[in-house]
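Student: I'd like to learn how to read a structure like this one. Could we go through it feature by feature?

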Amino acid sequence: MKESDAMNIRDIAAQRILNVDLDTGQVNTEDVSRRDLVRLLGGRGLAAKFLYERIPAGTDPLGPENVLIWSPGTLSGTSAPSSGRTSVTCKGPATGLYLKVSVGGHLGAELKYAGYDYLVISGRAPHPVYLWVDDDRVEIRPAQHLWGKGTRETDDLIKAELDDDEIQTGIIGPAGENKVLFSCIMVSRYNSASRGGVGAVMGSKNLKAVAVRGRGALRVARPKPYFDLAARMRRELAADAGSESLYNWGTSGSIPGLDEMGMLAAYNFSQVTIDNSERLSGQYLVDEGYLTGRESCFACSTACHRYVKSHSDRWGDVDDSGPELETMMSLGAECGLTDTEAVLRANHLCNDYGLDTISAGHVISWAMECYERGVISPEQAEGLELGFGNAEAQLELIRRIAFREGLLGDLLAEGTQRASAEVGGDSWKWAIQAKGLEQSAVDTRAAKSYALAFAVNPRGPDHLMTETYAEFGFTEEAREVIRKITGDEKYANATLLEKRADIVRWHEDCYAATEALGFCVFTSTAAFAVNPENMAELFGHALGIEFSEEELMLGGRRIVTLERCFNAREGARREDDMLPWRMMNEPVPDGPNKGMITDQAMLDRFLDEYYALHGWDPATGIPQVETLKALDLADVCRVLPEA
Amino acid sequence: MTSLSVNADKCTACRACELTCSFVKEGVFAPYRSRIRIVRLHGFNVPVVCVNCAQAPCIEVCPTGAVYRDRAVPVVRINEAECIGCRECIKACPFGAADWDDDKDVAIMCDLCGGEPACVASCIYGALDFEPEATVVRRKRRATAEAIAARTAG
């Protein structure tokens, strides 16, 4: 036996960056300071700092100067339940602003075992390449033979040429290569790092894939307390009602509930219901035998991920992961479609071409409305009958977008903000976007915390920078969270206007901390068994420090503030904290929420309260210098001059 | 005999068993050092672990007697202090259940934690069981009988 301490055991607290410069092919490592790890919690938090430091304002998101930062959570790779998620951070091409996406799968943990907490990729390779990280051996390998191929074939080919089927990969498809502004990265083959065109950033670097194998070990400072607390959290999480539903039905299990609540986004957000909506539900996938498996991300105790199979003479065979709730909504209901097999096929194509299903669905539903209103002519539709409910046209458009084929495919590949500017007329009014990102399928007219959260979301209007699900008060745990934030559970009512800013800010802090540590946000903002208190305790055991719930939430606040500063430095102001026009001007057409709207006056009220809570300038939304000092961030980011 | 049984159709590949095993055995989180490993096959996952063969090839090929049958548990186990690192047991195992620990330079295999396997306790999906073989067989026998009864009645 070896006498010396093994080389490849790494302390969680000793974080390391792997820098890869594709311009020069240079690779080096850097240590992270303990002070930064403690104040920004690592993961998403440190990634925001690196982004702020490494690229100046005005950087072209698709230029070689942009950086792509992979950061598994600080606790990823350990037994903490559902802690294996990874943030991917860059300047986003759809918005020209801060972009963080979060993804599950097994890549993040593998990167940790290889010896790295951050993978920072800069520059642009002279020809297509992929990155091979094999513990401490890092290689930039040619990828001309992979360019143009789908994500699944590429995964097969990389594993074959490296002769290891346990390698974890992150891969772009043709959509990322063609810099589609809503292209994604497929991680561990079946998990999608989506939104904002993160795949296009990889494509702009001529980087087809990242492949990782790690054989190292991770050690925490207080092993026994850490392991025991993690085991307890795993059991509590598995027993949570929210987790149980996610295991049984997946995320799309909530479709019947959304329909009942009158919050089912359909026909490009012009309707709140659609006939046969149950055919898009997770329950239907189970009952009709489409579901073939339930899958966990690394260390997850929920297993909401799905595998499905379908055989359809009309739409072709599918053997794939997903689809998630948002995919069912955007590629299904929003496009006027409830043909399950067609939507499974559309999901499969998006995965293989490397497209974000949320934006793909909403870009197509926008085009469908344009076509029905005559703003896109049959001639401009290039032979496609684009009206709502035409699955054949949708599937063909997905392909044309991924390859930027034809004038229409090329136009739609730019997203609804740019496409509506090109098409003109009133088409911008039904482009369901703000900041350049298509809104996810949440009706912000009826759910008021969601409305504020979407408006201030640094990457655009969606539920994936914070989630205020507790405001509905569906469960005792949810009502308890609202009581904790506001002092009274009567505020667990999504249609109330009071206390929305308090609810949003708390959830943002919690969400940022959750992601920095690597936990799935379902564990702390949909189920609630993982919470600031036990996250802080676990973080303390990992690092060997005393760490309170308040300090953890303060870390989350720092992350939110730093991300805000990045956008402010790019010129984003209060007027950019906005929702799509339709969501602010066309009231809910029918159902239980008929007549509801979140208009400018209401949003202004929310913003005033929210900026005041944060200590951000009320006129511009820029964090005040005193606020940054109080947060111990003054040395990291500063947009306003000293008063 | 009480043995570890695998219900692969319930495995979601969360890998809590790998993390638990490496922690309990080595004090670190390291799937490569786990005695149980999850193989992911595109929507179907299989835990692979030592099955404690009655005619164990690993015992037969071990030149130092480091691999032996511990009749108290009972289980096939390896005495790491006696292991010379020849890897014969790894080559002989037909299941890929014996592996090499890079850090300690010894072969590793499951020892059922001396009769209380930690991985089973960590599995919340019911993919791992540790029960007397007689119980498992009796349950299966009953299921067979009930299936026949249902067919006959139907």
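Student: Let's begin with strand pairing. Which residue of β17(A) does A:Ser310 stand opposite?

Tutor: This is a predicted model, and in it A:Ser310 faces A:Val318 of β17(A). To read a pairing, look for the bridges and then for the strand directions. Strand β16 (residues 305-310) of chain A is joined to β17(A) by four bridges, and the two run antiparallel.

Student: What is the strand order in the sheet, and which strands are at the edges?

Tutor: The order is β15-β16-β17 (chain A), an open sheet of three strands with antiparallel pairing. Its edge strands are β15 (291-295) and β17 (318-321) of chain A, each of which pairs on one side only. On average, neighbouring strands are turned by 10 degrees against each other, ignoring direction.

Student: Which helix packs on the sheet?

Tutor: Helix α12 (residues 340-353) of chain A does, touching β16 and β17 of chain A. The direction of α12 makes about 65 degrees with that of β17(A).

Student: Now a single residue. Is A:Arg558 buried or exposed, and why?

Tutor: You count neighbours around the residue. A:Arg558 has 26 C-beta neighbours inside 10 Å, so it counts as buried; the cut-off is 20 or more. A:Arg558 sits in helix α22 (residues 549-569) of chain A. Leaving out residues up to four places away in sequence, A:Arg558 touches A:Arg39, A:Leu40, A:Gly45, A:Leu631 and A:Leu633.

Student: How is chain A divided into domains?

Tutor: The domain assignment gives domain 1 (9-219), domain 2 (255-431) and domain 3 (448-630). To read a pair of domains, check the distance and then the contact. The C-alpha centres of domain 1 and domain 3 of chain A are 27 Å apart, and the contact takes 38 residues from domain 1 and 29 residues from domain 3.

Student: Which element gives the most to the domain 1 side of that contact?

Tutor: That's α2(A), with six residues. By class, this domain 1 side has 15 nonpolar, 17 polar and six charged residues.

Student: And how many residues do the two chains bring into contact?

Tutor: 25 residues of chain B meet 31 residues of chain A. On the chain B side, helix α1 (residues 16-26) gives the most, with four residues.

Student: Where in chain A is the pLDDT below 50?

Tutor: Over residues 1-6. For chain A the mean pLDDT is 96, and 99% of residues reach 70 or more.

How values were computed: Residues numbered from 1 in each chain as written. Chains lettered and ligands numbered in written order. Predicted model: local features only at pLDDT ≥ 70, side-chain atom pairs only at ≥ 80, totals over all residues. Contact = placed C-beta atoms within 7 Å. pLDDT = per-residue confidence, 0-100. Domains from an automatic or database assignment. Nonpolar A, V, L, I, M, F, W, Y, C, P; charged D, E, K, R; others polar. Buried ≥ 20, exposed ≤ 12 C-beta atoms within 10 Å, placed from the backbone. Pairing = 2+ DSSP bridges. Axes fitted to C-alpha atoms, helices over the stretch in contact; angles between N-to-C directions.
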